[in-house]
Amino acid sequence: MPKACDLKRGAIVEIDGKIYLVKHVDVKTPSSRGAVTLYKVRYSSVPEKQKHEVTYRGDDSVNDVNFVRKPVQYSYHDGDMYTFMDTEDYSQHTLSADDLEGQLEYLTDGLEGILALLVDDNIIGIELPQSVELEVIETAPAMKGSSATARTKAAKLSTGLEIQVPEYLETGEIVKVSTVTGKYVSRA
């Protein structure tokens, strides 16, 4: 049984006999002595998609669920549905845009390194790779003679994601973006 302090986005737990997927974890550290760190966790129930919030103390435990991680590749989307192909047996799994909240900006055609989270052979979510490579499609022109300080500028990427990049980058360059923080990592 994992502790509340170990919960991360994408984890799967059981609460009162129902399966929930962790959507967001907010950590609150009180400043008074002897106070305990609190973890406010926002869940989405599977398969109903109802939101549920619970606040835990750091040492509270939660019931984990047996699930399988299988490698998949992003194939295509049709309207509001996104299809992933199992790289082992070529079966297809479909998730809605709501299921992929906060992850859509990182999906590109043929993206590999994705893990599908399966409970009883039903897909309930995905885990993205730590970083993805995306093309800069819109940004201000590169600055000549950039200074020693690490100045940044806004850039729009091929998936619609907007991030801050170093000012020397130009339109058309490929950059690595962290899927955990949503920030620029390096040139690809």
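**Reading strands and hairpins**

Tutor: Let us begin with a turn in this predicted model. The hairpin of E1 and E2 has 2 residues between the strands, and there Asp-16 takes a positive phi near 50°.

Student: How many bridges join strand E1 to strand E2?

Tutor: Strand pairing rests on bridges, and two strands count as paired if at least two bridges are found between them. Strand E1 (residues 12-15) and strand E2 (residues 18-28) run antiparallel and are joined by 4 bridges. Within this pairing, Val-13 stands opposite Tyr-20 in E2.

Student: What is the strand order in the open sheet of 5 strands?

Tutor: The order is E13-E12-E11-E14-E15, and the pairing is antiparallel. Strand E13 (162-166) and strand E15 (184-187) stand at the edges; each has a single partner strand, so one side of each lacks a neighbour in the sheet. From one strand to the next, the twist averages 50°.

Student: Which residue in E15 is the bridge partner of Lys-176?

Tutor: The bridge partner of Lys-176 in E15 is Ser-186. Strand E14 (residues 174-178) and E15 run antiparallel, and 3 bridges join them.

Note on methods
Residues numbered from 1 in each chain as written. Predicted model: local features only at pLDDT ≥ 70, side-chain atom pairs only at ≥ 80, totals over all residues. Heavy atoms only, no water. Axes fitted to C-alpha atoms, helices over the stretch in contact; angles between N-to-C directions.
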